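Hi,

Here is the structure I promised to pass on.

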Amino acid sequence: MTAVLAMSLVVGAQATVGKKTMTADYNNIKIELDGQQITPTDANGKAVEPFAVDGTTYLPVRAVSEALGVDVEWDGNTNTVLLTSAYDNTADLLGFYKILEQSFDDLQTHFDGILNGSVQEVINTTLSSGPYEGMTFFESAKKLMETTLYNVESHYNACKPYLSDSDISLVSEYKRLNSLLLSQFENIHNGNTANMNNIIGISTQAYVDCMSNSMSANTGFWETYQNSF
């Protein structure tokens, strides 16, 4: 079946704007997705048949988008079809919150080590086993903090498009506390402990901050988990 069709054309850069008369070929064109046939309809549920013009097949964007799980809207002010991916980011967010929670917990443990004096005792001790064998406790802790920071930033970059301001603040807090712990370790490692009261005071507040931020990350994890159902 062949039909003459008058179409308004609005496309991208260097767009053609106006009307053209074209010949549309209707030949019972079918659409299948993963082996399942799709019956395309418009926003009112009325069937819309695909057609071809000069060898190019034209499909109804709403029907195809919805079949692919993509939200579609029409912006009449700019003559733009707006497609929004329906990608489920739940798994990414759960991983983001979980690694943040664990990372804050690890920092808290190290700050606690400063407060109870165990870090001061082992800071320059060489490890005799484990993945950091042959390194001092200071060197291994520094390496571990660098690795953890890299993992936190990797999760942050993967989730950044859909993070809230509070999520971004959590990452900033982790970076601050990670850097603070490293500077505290360096002071102890270098023997700069003349003002130990100051080191203890800073570490006490940092310990509390780590606990608070870990709880926030845990809350984000469970809220995301519950919202996934």
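**What I found**

Let me start with T136, which touches I123, N124, T125, T126 and L127, leaving out residues up to four places away in sequence; touching, or contact, means heavy atoms within 4.5 Å. T136 sits in the loop between α3 (118–122) and α4. The helix and strand labels are DSSP runs numbered from the N terminus, with helices being H or I of at least four residues and strands being E of at least two. T136 is buried, at a relative accessible area of 15%. Buried means under 20% relative accessible area, exposed means over 50%, and partly exposed is in between (1.4 Å probe, protein chains only).

Before you go further: this is a predicted model, where local features need pLDDT of at least 70 and side-chain atom pairs count only at pLDDT 80 or more, while totals for chains, interfaces and linings use all residues. Residues are numbered from 1 along each chain as its sequence is written, and side-chain values use heavy atoms, with hydrogens and water left out.

**The overall picture**

The protein has 6 helices and 8 strands. Along the sequence they follow the pattern β-β-β-β-β-β-α-β-β-α-α-α-α-α. Of its 229 residues, 29% count as buried. Among contacts with a separation of 6 or more, 53% are between residues 24 or more positions apart. The accessible surface comes to about 14200 Å², and 50% of that belongs to carbon and sulfur atoms; the areas come from the Shrake-Rupley method with a 1.4 Å probe, and for residues only the protein chains shown count as cover.

**Helices α4 and α5**

How do these two run relative to each other? The axes of α4 (residues 137–159) and α5 come within 11 Å and cross at roughly 170 degrees. That makes α4 roughly antiparallel to α5. For the angle, axes are lines fitted to C-alpha atoms, for helices over the stretch in contact, and angles run from 0 to 180 degrees between N-to-C directions. Over 145 degrees counts as roughly antiparallel, under 35 as roughly parallel, 65 to 115 as roughly perpendicular and the rest as oblique. On the α4 side, the residues that meet α5 include F137, F138, M145, L149 and Y156. Their counterparts in α5 include I168, Y174, L181, F185 and H189.

**Helix α6**

Now for α6, which has 32 residues and should span 46 Å at 1.5 Å a residue; its end C-alpha atoms are 46 Å apart, which agrees. (The expected span is 1.5 Å times one less than the number of residues.) Its buried residues pack against α2 and α5. Among them are I199, D209, A217 and F221.

Leaving aside neighbours within four places in sequence, A217 is in contact with Y97, L100, E101 and L170. A217 and V171 are 46 residues apart in sequence, and their C-alpha atoms are 9.9 Å apart in space.

**Salt bridges**

How many salt bridges does a search of the whole structure find? The count is 4, where a salt bridge is a side-chain nitrogen of Lys or Arg within 4 Å of a carboxyl oxygen of Asp or Glu.

One of them joins K98 and E101, with the closest N and O atoms 3.0 Å apart. The two are 3 residues apart in helix α2 (residues 90–116), so about one helical turn separates them.

R176 and E173 form another, at 2.8 Å from N to O. Both lie in α5 (residues 165–189), 3 residues apart, or about one turn of the helix. R176 is partly exposed at 38%, and E173 is partly exposed at 24%.

R176 also pairs with D209, the closest N and O atoms being 3.1 Å apart. D209 lies in α6 and R176 in α5, so this pair ties together parts 33 residues apart in sequence. Through shared partners, the salt bridges join E173, R176 and D209 into one network. D209 itself is buried, with a relative accessible area of 18%.

Cheers
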